[in-house]
Each structure stands twice: as C-alpha cells, then as structure tokens.
Amino acid sequence: MIKTVRSSALTRTRLIEAASQVFASLGVQGATTREIARVAGVNEVTLFRHFTSKEQLLKAVIENAIAVQTEALANPEAWTQDLKTDLYNYAQSYHAMLKAQEDLIRTFIGEAKRHPEAAKQVIEEAARPLGEKLVAYLQSCQKRGTVRPEINPEAAVDMFRGMLLAAMLCHEVKLQPNSYSSKEYIATCVDVFVRGIRA
C-alpha cells in the first residue's frame, strides 16, 4: 500500500514537471494532454487518473511553482517586523520563483489575450495566495503604524510585484548593457518601495 502511494506521488510529480515543460514550450492552448503524458513517460489514461482536465493540471503546475515561497511567507516567524528586511526577503523569494519558472511565465504573458477563460482563472487563483500574504503583512504594518494608512495595500503589492517581474523580463534579456546586477536592482526596488509606503 505504501509503495503504491509513493508510486502514485512520483507519477503525479512527473506529470507536473512534464506539464510545466510542455506549457512553457507550446503554450496553454498548444499543449495537449497526450503530449504531456508522452513527456512524462506515461499514457493519457494515467494522466487522467491524476488530473481530470488540462486546466486542473495547469493549476497544479502553478501551485507547485509558488508552493515553497507561499509556505515560507505563511510562517509568521519568517517576518522580522522590520519593513525593509521583510520586503527584501519577500523580493528575493519572489524573484527566485520567477527565475525558476521564467519560460512558463514568459509563455503566459505572451498568450495572455488568447488564454481560455478557465486557464486565466486558474492562473489568478493559484497565484493569489502569494500576493495575499504580502497584503496581510502590509495591513498589519498599517495597524502598527509603520506603513502609511492611506496606502492601498493591494495596489501597493501589485506595483511591487510588477517591479520584480520587470527585473526578470527586462534585466535578464540585456537589451542594453546594465551597470548593475539583478541583486542591486531588487535592493533598489525594495528601497524605493519602502520609502514610498513607510509612515
């Protein structure tokens, strides 16, 4: 029984990894369950035993991509209550997640207007927890008086994550030579952001 459970978990992991590769190379619409099963080294019947649809598999891929960062941010001990330190740690985790999933993210952005509605919903739902943790943190900072009360935490988090996304999308492409590293860019983003929201 234990061996069967372990085998099932390994198959599920292989399917998620294969789906991540296929979504990244063929896009959400171009990816087929047949191709995902082939890359995973299983048949389609096995895939459907684990995932009832391509959208469910897409959701698992995205959830898997952000699971480690979400878990770290869900742990209250991970927050030091020092605004700059906490936002820098969050930025580092978020940047690491973006870099690990760069091909997939670029595919999603390129396909944004062509995604089926169900796929868009899956992406939004899976990515929401990572943003919600930071919104909740900023709200608690407002209660403690360390973040300006008139700041909208949701808008601030969207802006902050947009700055970090730009680091991955623009800086790594090297359209023009930069005199600074990704690490320096992230530190500058955090510094500018903290100066803007700090009470």
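From the N terminus on, the elements of the protein chain run α-α-α-α-α-α-α-α-α. That makes nine helices and zero strands. Helices (H or I, at least four residues) and strands (E, at least two) are DSSP runs, numbered from the N terminus. The model is predicted: local features need pLDDT of at least 70, side-chain atom pairs count only at pLDDT 80 or more, and totals for chains, interfaces and linings use all residues. Residues are numbered from 1 along each chain as its sequence is written, and side-chain values use heavy atoms, with hydrogens and water left out.

Start with the whole chain. Of its 199 residues, 41% count as buried. Buried means under 20% relative accessible area, exposed over 50%, and partly exposed in between (1.4 Å probe, protein chains only). The chain exposes about 11,200 Å², and carbon and sulfur atoms supply 54% of that area. Accessible areas come from the Shrake-Rupley method with a 1.4 Å probe; for residues, only the protein chains shown count as cover. Now take the contacts (heavy atoms within 4.5 Å). Among those with a separation of 6 or more, residues 24 or more positions apart account for 73%.

Next, the interior. In soluble globular proteins, nonpolar side chains tend to be buried together. A nonpolar core here is a set of buried Ala, Val, Leu, Ile, Met, Phe, Trp, Tyr and Cys residues joined through side-chain atoms within 4.5 Å. The largest one has 31 residues. Those with the most contacts inside it include Leu-83, Leu-87, Leu-134 and Phe-160. Helices α5, α7 (117-144), α8 (153-171) and α9 (182-197) each give two or more residues to this core. Apart from it lies another core, of 21 residues, among them Leu-47, Val-61, Ile-62 and Leu-104.

Two residues show the packing in detail. Leu-134 touches Trp-79, Leu-87, Tyr-90, Val-157 and Phe-160, not counting residues up to four places away in sequence. Ala-91 lies in helix α5 (residues 83-100). Ala-91 counts as buried because its relative accessibility is 0%. Beyond its neighbours within four places in sequence, Ala-91 is in contact with Phe-160, Leu-164, Ile-186 and Val-190.

Turn to helix α1 (residues 2-30), where Ser-20 is found. Ser-20 is buried, at a relative accessible area of 18%. Leaving aside neighbours within four places in sequence, Ser-20 is in contact with Val-61, Gln-101 and Leu-104.

Finally, the charged pairs. A salt bridge is a side-chain nitrogen of Lys or Arg within 4 Å of a carboxyl oxygen of Asp or Glu. By this rule the count comes to five. One joins Arg-34 and Glu-44 (3.8 Å, N to O). Arg-34 lies in helix α2 (residues 33-40) and Glu-44 in helix α3 (residues 44-50), so this pair ties together parts that are 10 residues apart in sequence. Arg-34 is exposed at 61%, whereas Glu-44 is partly exposed at 25%.

Glu-35 and Arg-38 also meet in a salt bridge (2.8 Å, N to O). Being three residues apart in helix α2, they are separated by about one helical turn.

Lys-84 pairs with Asp-191, their closest N and O atoms being 3.0 Å apart. Lys-84 lies in helix α5 and Asp-191 in helix α9, so the pair ties together parts that are 107 residues apart in sequence. Salt bridges that share partners join Lys-84, Asp-191 and Arg-195 into one network.
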